[in-house]
Amino acid sequence: MTPRYFLALDHAARAIVVCIRGTYSLQDAITDLLCHEEPFLGGLAHSGMVHAMLQVEVEVRDPLLRAVRAFPEYRLVVTGHSMGGGTAVLLTLHLLMEPAWTNKLHGPLLSDPMSGEPFFTRTRYCAR
C-alpha cells in the first residue's frame with residue numbers, strides 16, 4: 001500500500017513539493033513495525049520505509065518530471081513527518097543517485113525517524 005502523499009507547486013517559494021504523511025492507519029503501523037534492515041544504496045535502511053519510498057517514487061516520478069520541465073527554475077523539496085519523514089529521506093537519497101535531480105533537491109524534514117545507518121545522517125543531504 002502506497003503511503004499518503006501530496007504534490008504541490010509553491011509559486012511564492014519557487015518550489016515543487018513532495019510531502020509524505022506519517023503513520024496514520026493500521027496498515028501504516030504495520031509498515032512501521034517491519035523494522036528489519038535491508039540493503040539500500042550501499043548501506044542498510046528500514047525495510048518498511050524502503051518499500052514505501054519505492055511505491056511513492058513510482059507514482060510521483062512522471063508528475064515530478066513534468067513539473068521540473070514546466071518550472072525549471074524551481075527547486076524540488078521532499079519532506080514528511082514521522083514515518084513519512086524517513087521515507088522522504090530515502091526518496092531524496094534515491095533521487096540524488098540520478099544527475100537530473102542533484103541540483104534541484106532540498107529535503108527539510110519534520111520529525112524524521114532514523115531511517116538508515118548513521119552514514120546517511122552524516123551526509124550533506126541529510127544533515128540535522
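Reader: Which residue takes a positive phi in the hairpin of β1 and β2?

Author: This is a predicted model, where local features need pLDDT of at least 70, side-chain atom pairs count only at pLDDT 80 or more, and totals for chains, interfaces and linings use all residues. Residues are numbered from 1 along each chain as its sequence is written, and side-chain values use heavy atoms, with hydrogens and water left out. The hairpin has 4 residues between its strands. The one with a positive phi, near 55°, is Arg14.

Reader: In what sense do strands β1 and β2 pair, and over how many bridges?

Author: Strands are DSSP runs of E, at least two residues long, and helices are runs of H or I, at least four, both numbered from the N terminus. Two strands pair if DSSP finds at least two bridges between them. β1 covers residues 5–10 and β2 covers residues 15–20. Leu7 stands opposite Val18 in β2. The sense is antiparallel, and the number of bridges is 6.

Reader: Is Arg14 buried, partly exposed or exposed?

Author: Buried means under 20% relative accessible area, exposed over 50%, and partly exposed in between, with a 1.4 Å probe and protein chains only. Arg14 lies in the loop between β1 and β2. Its relative accessible area is 43%, so Arg14 is partly exposed.

Reader: What is the phi of Ser82, in the loop between β5 and α3?

Author: Most residues other than glycine have a negative phi. Ser82 is not a glycine, yet its phi is positive. Ser82 is partly exposed, at 25% relative accessibility. Its phi is near 60°.

Reader: At what angle do helices α2 and α3 pack?

Author: Axes are lines fitted to C-alpha atoms, for helices over the stretch in contact, and angles run from 0 to 180 degrees between N-to-C directions. α2 spans residues 47–70 and α3 spans residues 83–95. Their axes are 9 Å apart. The angle is about 65°.

Reader: How many nonpolar residues does the contact of α2 with α3 have?

Author: Contact means heavy atoms within 4.5 Å. Residues of α2 including Met49, Val50 and Leu54 meet residues of α3, among them Leu90, Leu91 and His94. Ala, Val, Leu, Ile, Met, Phe, Trp, Tyr, Cys and Pro count as nonpolar, Asp, Glu, Lys and Arg as charged, and the others, Gly among them, as polar. The contact has 3 polar and 2 charged residues, and the nonpolar count is 10.

Reader: How far apart in space are Ala29 and Gly48?

Author: Ala29 lies in helix α1, residues 26–33. Ala29 and Gly48 are 19 residues apart in sequence. C-alpha to C-alpha, the distance is 10.0 Å.
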